[in-house]
Amino acid sequence: MGINLKDLTVIKPINLAELRGKKLGVDAYNMLYQFLSSIRQPDGMPLQNSEGVVTSHLRGLLSRVSYLNSEGIKLCFVFDGVPHPLKRRLLDERKERKKKAQREWEEALIVGDLERARMKAQQTSILTDKMIDETKEVLDALGVPWVQAPSEGEAQAATMVRDGILDAVASQDFDTLLYGAPIMIRNLTLSGKRKLPRQQKWINIEMEKIVLEKVLEENQITQEQLIDLAILIGTDYNRGIHGIGPKKGIKIIKECGNAEKCLEKLDQQIDNLDELRKMFLDTKIYSTKNVEVNWKEPVKSKTIELLCGKYEFSKSRVDNALDKFFGPGKGKAEQVTLGDFK
DNA sequence: CCGGGCAA
DNA sequence: TTGCCCGGG
């Protein structure tokens with residue numbers, strides 16, 4: 001789930017109005033996974049149609065997309081392609097953790113501990129290729145564009161922002177900054193409330209804007225140093241140096257200048273250092289060039305056929321969502337905000 | 001996660 | 001209006 005760069009980032013709270021008229025590249029996997037894991041019943045079961053086809057991801061997608069669209073925010077979904085081989089270790093670890101969570105979910109159900117059951121169920125979430133295909137089909141029906149990245153979606157999205165095709169990348173993951181996305185948006189949600197795991201507490205979640213240039217400026221480091229720092233802390237693609245977190249990491253990278261010198265000083269080693277850097281730095285290698293994105297009106301009949309027919313959503317819910325693409329709110333899209341968005 | 005419904 | 005709970009498929 002990326003690295004924790006929160007301590008080093010300059011976070012600016014942002015509201016929906018500031019995003020009006022903006023084109024956002026959505027880290028599709030990131031968003032769908034959140035839906036799949038959180039839209040669940042008390043016992044932990046996801047939503048499904050009468051044939052047992054899971055629909056939580058589509059349920060979340062419909063409300064998120066329609067709402068943001070009614071606010072004049074244009075989304076372009078960016079899907080992950082083939083993961084870099086160095087990610088294998090992480091993916092295998094995740095798979096094991098999910099197996100364990102599956103067992104614990106079943107155990108919690110037997111004991112009747114619903115809260116624990118739900119929590120464990122969330123951890124079992126696996127976004128399948130089928131779900132990804134279903135999502136693309138629904139997006140097509142809604143007229144919402146999507147892009148298939150050859151490798152990491154975040155690299156693709158970052159490139160599109162740098163190329164001026166999009167305004168920002170929407171993701172929870174700070175990796176987005178490593179890929180050089182000039183602007184990222186976190187917590188692209190509607191209601192600001194979220195339940196804290198294991199606790200009765202609710203906290204307010206605000207949308208956040210993070211400008212890469214400001215992060216570098218604030219820490220007095222270069223993009224290359226940010227990447228080296230992340231590698232020292234540990235990324236999805238490599239284990240970090242034990243005892244080095246954001247705090248010690250920033251200190252030592254500024255002191256030594258680059259990862260090699262840090263490693264020398266710490267008498268440590270990191271495999272594939274150059275390959276890791278290349279992946280974050282030469283993003284274009286891992287992105288498709290000349291992609292085009294177009295926003296269209298939803299095809300109502302197709303949307304209803306899919307969501308109400310195949311997935312058995314209620315007609316009123318789908319109608320309501322579709323209205324947000326046409327109804328009174330549509331005018332908001334025209335009130336494009338000016339300025340350089342920084 | 002989010003919207004609708006209903007209570008305060 | 002605001003807050004909380006529930007159901008969604």
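User: What share of the contacts in chain A with a separation of 6 or more comes from residues 24 or more positions apart?

Analyst: That share is 72%. Keep in mind that this is a predicted model.

User: OK. How many helices and strands are there in chain A?

Analyst: Chain A has 15 helices and nine strands. Its radius of gyration is 21 Å, close to the 20 Å that the globule rule gives for 342 residues, so chain A is as compact as a globular protein of that length.

User: And what does the C-alpha trace span along its principal axes?

Analyst: About 65 × 55 × 35 Å. Of the 342 residues, 50% count as buried.

User: Switching to H13. Which of its residues are buried?

Analyst: Helix H13 covers residues 273-281, and its buried residues are Leu273, Leu276, Arg277, Met279 and Phe280. They lie on the same side of H13, because they cover an arc of only 160 degrees around the axis.

User: What covers them?

Analyst: The cover includes helix H8 (175-178), helix H10 (223-233) and helix H12 (259-266).

User: Now cavities. How many of 30 Å³ or more does the structure hold?

Analyst: Three. The largest cavity has a volume of about 90 Å³. It is lined by 13 residues, and those closest to its centre are Asn30, Met31, Gln34, Arg64 and Gln172.

User: Which element gives the most to that lining?

Analyst: H2 does, with three residues. Strand S2 (23-27) and helix H2 (28-38) each supply at least two residues of the lining.

User: How does the lining of the largest cavity divide into nonpolar, polar and charged?

Analyst: Four residues are nonpolar, six are polar and three are charged.

How values were computed: Residues are numbered from 1 along each chain as its sequence is written. Chains are lettered from A and ligands numbered from 1 in the order in which they are written. This is a predicted model: local features need pLDDT of at least 70, side-chain atom pairs count only at pLDDT 80 or more; totals for chains, interfaces and linings use all residues. Side-chain values use heavy atoms; hydrogens and water are left out. On a 1 Å grid over the protein atoms alone, a cavity is a set of points where a 1.4 Å probe fits but cannot get out, and a pocket is an open set with protein on both sides within 12 Å along at least five of seven lines; lining residues have an atom within 4 Å of a point. Grid points are joined across faces, edges and corners, and a volume is the space filled by probe spheres set on the points. Helices (H or I, at least four residues) and strands (E, at least two) are DSSP runs, numbered from the N terminus. Ala, Val, Leu, Ile, Met, Phe, Trp, Tyr, Cys and Pro count as nonpolar, Asp, Glu, Lys and Arg as charged, and the others, Gly among them, as polar. Buried means under 20% relative accessible area, exposed over 50%, partly exposed in between (1.4 Å probe, protein chains only). The arc is that of the directions from the helix axis to the C-beta atoms. Contact means heavy atoms within 4.5 Å. The radius of gyration is taken over C-alpha atoms; the globule rule is 2.2 Å times the number of residues to the power 0.38.
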